[in-house]
Amino acid sequence: MNRIVEKVDDISSLTDFYCGVKSMDTFIHSKYNGLNDFVTHGLTNLWIVRECDEVIGFFALSKSALVLNSFDIRNLEDETNSNDIFELRESFPALKIDYLAIREDLKFKGLGSDLLLTICDGAKSDRFSATMFIIVDALDTPEYSAVEFYNKNYFKESEYGLVKNQNKQIYGDKVDTKLMYLPLF
């Protein structure tokens, strides 16, 4: 199949797109405080994925930073056999996956993993800025969890994110995501 990934400036091509996750579909099609507002205000860049002129998925990306706590740093040092890099700063340049969705009838066919590879390749070849990590706040609700998908694609849960979520819960805030990261080095 001839797959095309293109950056778009509005969500008009997602009018008939549904991923089957109610909260995400509501967000995509919401007139207020939905995906359209994030794209329109430049808070995220939207990429549409097409095959045979049909939208089969999309992802939205923004620049961010990954803050690592000492537990995260120790894990990375052990994996990379390199500790000097992590002593230089406490936050590291990252590309954030704001949203990633696959059309409902095409789930579990490897398309999501293919899109992650596309995103990683783009981040590695970014000529204008450094990117050391891909990060995502993976949806984790009783209705749907993306955590297993990201785990399968080598993302790790951030200890820093875990502590942040625990603090939110202490103050009664709803927590429906888990911060996860993938090193690009």
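**Close-up views of salt bridges and a buried aspartate**

View 1. E54 is partly exposed, with a relative accessible area of 43%, whereas R103 is buried at 18%. Here buried means under 20% relative accessible area, exposed over 50%, and partly exposed in between (1.4 Å probe, protein chains only). The model is predicted, so local features need pLDDT of at least 70 and side-chain atom pairs count only at pLDDT 80 or more, while totals for chains, interfaces and linings use all residues. Residues are numbered from 1 along each chain as its sequence is written, and side-chain values use heavy atoms, with hydrogens and water left out. The side chains of E54 and R103 form a salt bridge (2.9 Å, N to O). Because E54 belongs to strand 3 (residues 54–67) and R103 to the loop between strand 4 and helix 4, this pair ties together parts 49 residues apart in sequence. A salt bridge is a side-chain nitrogen of Lys or Arg within 4 Å of a carboxyl oxygen of Asp or Glu. Helices (H or I, at least four residues) and strands (E, at least two) are DSSP runs, numbered from the N terminus.

**View 2. The salt bridge between K63 and D126.** The closest N and O atoms of this salt bridge are 2.7 Å apart. The pair links distant parts of the chain, with K63 in strand 3 and D126 in the loop between helix 4 and strand 5, 63 residues apart. D126 is partly exposed, at 25% relative accessible area. K63 also counts as partly exposed, with 47% relative accessibility.

**View 3. The salt bridge between E157 and K178.** The two side chains meet at 3.8 Å, N to O, in a salt bridge. E157 is located in strand 6 (residues 156–157) and K178 in strand 7 (residues 177–183), so the pair connects parts 21 residues apart in sequence. E157 counts as partly exposed, at 37% relative accessibility; K178 is likewise partly exposed, with a relative accessible area of 28%.

**View 4. D72 within helix 3.** The helix that holds D72 spans residues 70–80. D72 is buried but has no salt bridge, and the nearest side chain of opposite charge, R74, is 9.3 Å away. Lys and Arg count as positive and Asp and Glu as negative; His and the chain ends are not counted.

**View 5. The network of R3, E51 and D114.** Salt bridges link these three residues in a network. Across the whole structure, a search finds 10 salt bridges.
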